[in-house]
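Please look at the sequence and the structure before reading on.

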Amino acid sequence: MRTEDDQWGITESVGVTALGVASGRAMETHRPDGLVHDPYAEAFVDAAAGEIRLPKGPEDARAMAAENGAAQDDGATEADWQEQSAYIGVRSRFFDDALTAATADGVRQVVLLAAGLDTRAQRLDWPADTVVYEVDQHGVLDFKDDVLAEQRATTAGGGARRVVVRVDLRHDWSAALREAGFDPGAPTAWLAEGLLPYLPAQAEIDLFDRIGELSAPGSHLAVEHFGDIVHHFGREDSRLASLSRRFGVDIRELFFADDRPDAAERLGELGWTVTGRSASELAESYGRPLDPELADVHGAAKLLDARR
Ligand SMILES: C[S@@+](CC[C@H](N)C(=O)[O-])C[C@H]1O[C@@H](n2cnc3c(N)ncnc32)[C@H](O)[C@@H]1O
């Protein structure tokens with residue numbers, strides 16, 4: 001159950017979702033037709049394995065599913081793990097492309113909101129002088145920094161500088177970002193991936209207002225949003241329950257399900273030109289269609305690319 005000012009480490013509450021995404025990227029990295037290649041995702045999964053077991057490749061997924069079957073447990077099947085990583089592959093590719101398009105457009109300041117275990121600072125080929133700010137909670141970023149240091153990870157492209165900002169996105173994060181060196185006079189590429197359902201409605205409203213205040217002309221904003229998916233599927237829905245089991249925590253307890261304006265409409269009102277596609281459409285366009293049984297979930301998940 002969420003509270004107004006709850007904090008977490010990587011193996012607790014919302015922190016676990018960052019590990020779940022890393023597990024998805026690790027699985028996807030093993031696929032010959034993978035939509036993302038993340039050389040560090042496996043190391044994050046390994047580093048937490050003493051407390052939370054998640055698959056880092058197809059063999060793990062098969063073994064874990066077989067153990068569930070042997071124990072007559074109704075936990076995730078191998079197909080569940082693959083479906084989860086396929087979705088992560090689609091959204092990772094979309095946002096990789098959105099950030100690459102922003103730098104091709106001349107943007108040199110990038111802010112990954114709720115960066116979690118996202119390794120784009122290391123993975124993407126950044127032009128010289130790019131600064132990548134990663135905003136998330138202390139516990140998540142401490143774990144990430146430890147693993148990246150063990151891996152001797154460096155930023156890609158030779159020019160990117162990674163700046164970590166430890167702050168809660170329900171607080172005045174813009175002050176913390178400015179203190180870390182962020183320049184509101186320069187165009188920015190923002191990313192909010194896997195974040196909105198974990199924010200209360202007011203924090204989401206404030207988030208978009210603050211982004212607007214900090215966005216110089218020429219800025220880009222990429223957002224994943226699920227519309228009313230939380231209400232639609234409800235807390236008792238068996239598919240959301242199954243999805244939860246894949247992460248080892250009950251995701252339904254982690255969402256703030258209070259009503260909020262539609263993200264795409266709100267961004268339009270704030271002066272952004274928004275284009276967006278559903279995860280299903282994107283997956284088709286990448287030649288990697290998602291599970292038709294989850295068509296309503298993947299149809300509701302929208303990946304937005306906004307410019308101002
Ligand atoms: C599903 S993960 C996504 C991580 C990353 N964007 C990715 O796609 O790999 C959700 C992330 O949001 C972060 N998060 C959620 N609410 C937050 C808040 N109020 N303040 C800071 N970070 C938050 C969590 O710590 C976690 O890292």
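## Ligand, sheet and helix packing

In this predicted model, the ligand is surrounded by 20 residues, and the closest are A18, A114, G116, L169 and G194. Sorted by class, this shell has 10 nonpolar, 5 polar and 5 charged residues. Helix α1, residues 15-30, gives the most to the shell, with 4 residues.

Helix α1 also packs against another helix. Its partner is α4, residues 78-104; the two pack at an angle of about 90°, and their axes are 8 Å apart. Angles of 65 to 115 degrees count as roughly perpendicular, and α1 and α4 are therefore roughly perpendicular to each other. On the α1 side the contact is made by V21, G24, R25, M27 and E28, while α4 contributes W81, Q84, S85, I88, G89 and S92. By class, this contact has 4 nonpolar, 5 polar and 2 charged residues.

The next topic is the sheet. Strands of a sheet pair through backbone hydrogen bonds, either parallel or antiparallel. Here, 7 strands form an open sheet with mixed pairing, in the order β3-β2-β1-β4-β5-β7-β6. Strands β3 (161-166) and β6 stand at the edges; each has a single partner strand, so one side of each is left without a neighbour in the sheet. On average, neighbouring strands of this sheet are turned by 15° against each other, direction ignored. Helix α6, residues 138-150, packs on the sheet and touches β2 (131-136) and β3, and the direction of α6 makes about 145° with that of β3.

| Strands | Sense | Bridges |
|---|---|---|
| β1 and β2 | parallel | 5 bridges |
| β1 and β4 | parallel | 5 bridges |
| β4 and β5 | parallel | 4 bridges |
| β5 and β7 | antiparallel | 6 bridges |
| β6 and β7 | antiparallel | 6 bridges |

Individual residues illustrate these pairings. V111 stands opposite Y133 in β2, and the bridge partner of V111 in β4 is W190. A189 stands opposite H220 in β5. In β7, L303 is the bridge partner of E224, and K302 is the bridge partner of S278.

How many residues of strand β1 are buried? Strand β1, residues 109-113, is mostly covered, as 5 of its 5 residues are buried. Both faces of β1 are covered: Q109, V111 and L113 lie on one side, V110 and L112 on the other, and all of them are buried. Strand β7, residues 302-307, is mostly covered too, with 5 of its 6 residues buried.

L124 is found in the loop between α5 (120-123) and β2. Is L124 buried or partly exposed? A residue counts as buried if 20 or more other C-beta atoms lie within 10 Å of its own, and as exposed if 12 or fewer do. L124 has 18 other C-beta atoms within 10 Å and is therefore partly exposed. Leaving aside residues up to four places away in sequence, L124 touches D96, L99, T100 and A156. L124 and A156 are 32 residues apart along the chain, and their C-alpha atoms are separated by 6.0 Å.

Terms used. Residues numbered from 1 in each chain as written. Predicted model: local features only at pLDDT ≥ 70, side-chain atom pairs only at ≥ 80, totals over all residues. Near = placed C-beta within 6 Å. Nonpolar A, V, L, I, M, F, W, Y, C, P; charged D, E, K, R; others polar. Axes fitted to C-alpha atoms, helices over the stretch in contact; angles between N-to-C directions. Parallel < 35°, antiparallel > 145°, perpendicular 65-115°, else oblique. Contact = placed C-beta atoms within 7 Å. Pairing = 2+ DSSP bridges.
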